[in-house]
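Hi,

Here is the structure I promised to pass on. Have a look, and my notes follow below.

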Amino acid sequence: MKLGKGIIQVFLANIVNLIISIGNGFLLPKYLSVESYASVKTFLLYTSYVGVLPFGYVDGIYIKYGGRSKSEIDVEEFAHEKKVLFIFQLVLSLPIILMAFVLGDSNLLCVSISILPINMVSFFRLVYQATGEFKEYRRITNLSSILLFVSNLIFLFIIKTDISLWYIGMQIVVAFIVWIYYEDRNRIVNICNKISLKEMWTYLYENIHLGVIVMLGSFMGVWITSIDRWFVKILYGVADFAYYSFAVTMLRLINVVITAFSVTLYNFFCKKPRDEEIAILRKIVLVVGAAIIAVIFPLEFVIQTYLEKYIYAIPVIKTLFIAQFVLIEINAVYLNLYKALNLQKKYFIRMVVITITAFFLNGMIGYLWNNIIAYAVATFLTAFIWLILCQIDLPEYKMTHTEWLYLLLTIPVFLFSNYFNIWIGMFIYVGWVIVEIFLFFPKDVKQLLVVSLK
C-alpha cells in the first residue's frame, strides 16, 4: 500500500476511534464518581504493561514481517506462530489467575484474565501494521472502540451504575470478542495445525531472540510515558490521580494523528526510502504536530462548560500537549528508524537512559514543586532530552537548524497564547503556525504534498 493511503487508512481508523474516545473520555468522568473513574483508569494503567508478557515474541514477528506484503507470508508458519503465542500466554495466565483467587485480589484477577485476549489482539494488530494491511488495522481498532462505547452507554444510562467493576469487566469482555472475531477471520483451512514441542521451542526462541530487545525498549517506552501517573497515584490522593488520568485521556485527541504516522512509517522505512524522503516526512510530522495541539483551545472550552469538576486538570493537559508535540517526532520517525535499521541494541541502551532520566526528573521536580503539574513538566523535559539523544544516535537523520527553530519557537508561542481568551489565543497560535510553515519551509510546501501521496 502507498504511504499516503496507509496514513489515510490509519487516520480514518483513528478518526472513528477519536469520536468514540471523545464520548468515552467525557462521559465516564462526567457521570461516574471520581473514585470509580480513578478505579477504571487504574485498571487501564495496569493493563498497559500486559504487553511485556510475550517477552518479545510478538515484537520478533513484527520485525520479521516488517516491509513484507500479506502474500509473502507463509500461512502455515503464521498459523503455527499464532498457536504458539496462544499456548505461551495461556500457560502464563493460569497461575496468575489462580494466585489472584487465592489472594482475593479483584484487580489482579481482572488484569490476569485480560492477558490472553489483549496479547492475541496485539499479535493481529502488529502483523497488520508490519505488512501494511491498514484496512484490517482500521477494523480491529474501530471494533474495540465501538463495543466499549456502546457498553458504556448501556451501563451509564440504562443500568445506571457507578460500580467500576462493570466498566472494567466490559473492557475484558470486549478484548475477548475482538480476539475471537479475528481468530475466525484469520482461520486458515487445510493447514495442519499440529505442532511438536520442539517446534514450539524453536518458534519461541527465534522470535523472542529477535524481538526481546525491542520489547524491552517498548516496555520502557510505556514506563517513560506512564511514570508520571505512578508518581501521582502513589504520592497523591484518589481525586488528584483522577484529574491527572483525565488529562492523559485527553491526549487521545491528538494521538489520532500521531498514531496515523507512527503506525504506517515503520512499514515504509523497512522498504529503505531515500534520505530525502525521510527528511520530508520528518518535516510533515513536525508541522502536523504543531497544528494538532491547537485542539487544546476548544477542548478547554468544553471542559469549562461541561466538566467543571475537572477544570483543575487543564494546566496539566496543556503541558502534556506540549510534551506530545515533541514526542510525535520521536514516536513517528526516530523509534521507527531504530527498528527498521535493526539498531535494536542502540535502541535498548537509549531507552534505559531515558527511563532513568524520566524517573530522576519526576522525582526531583515533584519534590521541588508539590503539585501534579510538576509531573507533566517532567514528561515534557524527558521528551525534549529524548529528542536530542535521537539526533546523536541517528546523525544522518537529525533535524536541521530550521526544524529546531520551528520547534523552539512554536512552544513559547503556544504557552503565550494560553494567557488570552480561549478563542483569541487560538487565533494567535494557529496564525503563528501558518506563518511559520511559509517562513521556515517555503520550498518544501509543495514537496510535502507530493511525497505524502507516494
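How many aromatic pairs does the count come to? The answer is 32, where rings of Phe, Tyr and Trp (its six-membered ring) pair if their centres lie within 6.5 Å, and planes under 30 degrees apart count as stacked, over 60 as edge-to-face and the rest as tilted.

Before going on, some housekeeping. This is a predicted model, so local features need pLDDT of at least 70 and side-chain atom pairs count only at pLDDT 80 or more, while totals for chains, interfaces and linings use all residues. Residues are numbered from 1 along each chain as its sequence is written, and side-chain values use heavy atoms, with hydrogens and water left out.

Back to the rings. Phe 124 and Tyr 182 have ring centres 6.1 Å apart and planes at 40°, so they make a tilted pair. Phe 124 is in helix H5 (residues 106-131) and Tyr 182 in helix H7, so this pair ties together parts 58 residues apart in sequence; helices here are DSSP runs (H or I, at least four residues) numbered from the N terminus. Both Phe 124 and Tyr 182 are buried (buried is under 20% relative accessible area, exposed over 50%, partly exposed in between, with a 1.4 Å probe and protein chains only). Phe 416 and Phe 420, on the other hand, pair edge-to-face, at 5.0 Å centre to centre with 75° between the planes. Phe 416 is partly exposed at 47%, and Phe 420 is partly exposed at 38%. There is also a cluster linked by ring pairs, made of Phe 78, Phe 123, Phe 124, Tyr 128, Tyr 181 and Tyr 182.

On the surface you'll find a nonpolar patch with about 930 Å² of accessible area together, its members including Tyr 31, Ile 146, Phe 157 and Trp 166. Patch residues have over 30% relative accessible area and no salt bridge, and nonpolar side chains (Val, Leu, Ile, Met, Phe, Trp, Tyr) are joined within 5 Å; a salt bridge is a Lys or Arg side-chain nitrogen within 4 Å of an Asp or Glu carboxyl oxygen. Areas are Shrake-Rupley with a 1.4 Å probe. Helices H6 (134-158) and H7 (164-185) each supply at least two patch residues, and H6 gives the largest share, five residues. Ile 146 lies in H6 and is partly exposed at 40%.

Last, the cysteines: the count comes to zero disulfides (sulfur atoms within 2.5 Å). Cys 110 is buried at 10%, and Cys 390 is buried at 0%.

Cheers

Conventions. Patches are made of residues with over 30% relative accessible area and no salt bridge: like charges are joined within 9 Å, nonpolar side chains (Val, Leu, Ile, Met, Phe, Trp, Tyr) within 5 Å.
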